[in-house]
Amino acid sequence: IDPLRSPLYLEGTKHSPVPWDSHTLKIIIQQAAANPIFSGGLYSTTTYQGQHVRVYTLTNSSMGELHIIQTARSTQDIELSLTNLRLVIFTGGILMLLCAALGGWLITLGILKRVQRITQTARRISQKQNFQQRVAVQGWGGRDELSQLAETFNTMLNHLEELYTYQQRFVADASHELRAPIT
């Protein structure tokens with residue numbers, strides 16, 4: 001029987017053609033004709049009744065006879081799995097982006113609140129000229145940059161308080177010394 005013109009159908013299935021993929025079958029027969037000891041297989045994909053079908057064509061030459069076997073399997077279950085995987089990845093990606101955006105917003109909000117507290121404290125110190133007030137040092141599990149800034153600012157306030165106290169004492173002493181000779 002010529003496998004390229006066979007009207008046979010696989011037993012038990014009325015709609016399964018033989019051969020599944022005649023183009024691949026022609027290639028296999030040509031390769032077998034060119035090389036009598038050719039033995040191998042090829043994968044191909046064809047469309048049958050609106051579905052993609054993966055076909056494996058296997059040849060074997062023994063004692064001058066060429067044996068060809070074609071097996072086919074629908075790729076519908078694989079395509080469905082890939083569609084589901086795409087949906088899961090897309091949904092998971094969107095959820096991860098939302099979580100990252102929310103986390104970034106919360107972290108930024110926490111940092112900006114600390115900067116705002118430092119700014120408000122500095123403004124109160126400047127307006128009231130109360131050099132005894134200090135900026136609260138609050139670090140997140142260690143010494144971060146804002147904690148170092150607050151400590152540096154507090155060190156500067158210590159020096160300013162000392163200088164201001166020294167200036168007040170100097171002015172008081174100078175005015176006492178000036179008043180003493182006059183009286």
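This is a predicted model: local features need pLDDT of at least 70, side-chain atom pairs count only at pLDDT 80 or more; totals for chains, interfaces and linings use all residues.
Is Gly 40 buried or exposed?

**View 1. Gly 40 in strand E1.** Gly 40 belongs to strand E1, which covers residues 40–48. With a relative accessible area of 18%, Gly 40 is buried, because the cut-off for that word is under 20%. If you look for its partners beyond four places in sequence, you will find Gly 40 touching Thr 57, Leu 58 and Thr 59.

**View 2. Gly 40 and Ile 68.** This view pairs two residues that lie 28 residues apart along the chain, Gly 40 and Ile 68. Their C-alpha atoms are separated by 9.9 Å.

View 3. Ile 78 sits in helix H2, which runs over residues 76–128. How exposed is Ile 78? Its relative accessible area is 43%, so Ile 78 counts as partly exposed, a class that lies between the 20% and 50% cut-offs.

**View 4. Thr 121 in helix H2.** Here we stay with helix H2 and turn to Thr 121. Thr 121 is buried, with a relative accessible area of 8%. Which residues does Thr 121 contact, once neighbours within four places in sequence are left aside? They are Gln 133, Arg 134 and Val 135.

Key: Residues are numbered from 1 along each chain as its sequence is written. Side-chain values use heavy atoms; hydrogens and water are left out. Helices (H or I, at least four residues) and strands (E, at least two) are DSSP runs, numbered from the N terminus. Buried means under 20% relative accessible area, exposed over 50%, partly exposed in between (1.4 Å probe, protein chains only). Contact means heavy atoms within 4.5 Å.
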